[in-house]
Amino acid sequence: MWDALTGELQLKFQPEHTAPITAVVVSNTGRHILTGSRDGTVKRFDVRADEGAVFAAAAKAHRFGVAGLVAHHSGDFLLSYGARDGRITVWDIESLLDVTSFVLPADTPVLQAGASSPFCTAAPPPPPPPPP
């Protein structure tokens, strides 16, 4: 991970997913790095001053891969959404146990999520630009 302003390397860690990583988020407390992958898993790494990011927990999140992650502003919860399964899951960050989940209707487009509200907002992605 790099400093966004200086480009200086701040932390190195090996996520150890079995497929490409599709999402990375740092908890709002700065104590955890969470990764999601096409392998369908979410992994938590604890940030320790003396050891860097240390693997702490993993959970199978989605059947067809993780499309995105959003951390709750409290640092206690994580939202993941699936690439094609339509499932949104809320996780307890410390245990990586699912708190709740629900499936979107089949005709709902893939969501983009942001942390502009106390938890997150979700909206369909913008339409693609018209062909040239």
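The side chain of Thr29 makes a polar contact with the side chain of Ser27, at 3.0 Å, in what is a predicted model. The Thr29 side chain also reaches the backbone nitrogen of Arg31, here at 3.2 Å. Thr29 itself belongs to the loop that runs between β1 (21–26) and β2. With a relative accessible area of 39%, Thr29 is classed as partly exposed, because that class covers values between the 20% limit for buried residues and the 50% limit for exposed ones.

Once its neighbours within four places in sequence are set aside, Thr29 is in contact with Ser74 and Gly75. A further relation concerns Ala71: the C-alpha atoms of Thr29 and Ala71 are separated by 9.8 Å, and the two residues are 42 residues apart along the chain.

The relative accessible area of Thr35 is 1%, so Thr35 is buried. Which side chain does the side chain of Thr35 join in a polar contact? The partner is His17, and the contact between the two side chains is 2.6 Å.

The next topic is aromatic pairing. The structure holds one aromatic pair. Its members are Phe45 and Phe55, whose rings stand 5.8 Å apart from centre to centre with 70° between their planes. This arrangement counts as edge-to-face, because the angle between the planes is over 60 degrees. The pair links distant parts of the chain, with Phe45 in strand β3 (residues 41–48) and Phe55 in strand β4 (residues 52–60), 10 residues apart.

Are the two members of this pair buried or exposed? Phe45 has 1% relative accessibility and therefore counts as buried. Phe55, at 42% relative accessibility, counts as partly exposed.

Leu96 has a positive phi of about 55°, although Leu96 is not a glycine. Where is Leu96 found? Leu96 is in the loop between β7 (87–92) and β8 (98–103). Although this is a loop position, Leu96 counts as buried, because its relative accessibility is 3%, and the limit for that class is under 20%.

Terms used:
Residues are numbered from 1 along each chain as its sequence is written. This is a predicted model: local features need pLDDT of at least 70, side-chain atom pairs count only at pLDDT 80 or more; totals for chains, interfaces and linings use all residues. Side-chain values use heavy atoms; hydrogens and water are left out. Helices (H or I, at least four residues) and strands (E, at least two) are DSSP runs, numbered from the N terminus. Buried means under 20% relative accessible area, exposed over 50%, partly exposed in between (1.4 Å probe, protein chains only). A polar contact is a pair of N or O atoms within 3.5 Å; within protein, one must be able to donate a hydrogen and the other to accept it, and residues adjacent in sequence count only if both atoms are side-chain atoms. Rings of Phe, Tyr and Trp (its six-membered ring) pair if their centres lie within 6.5 Å; planes under 30 degrees apart count as stacked, over 60 as edge-to-face and the rest as tilted. Contact means heavy atoms within 4.5 Å.
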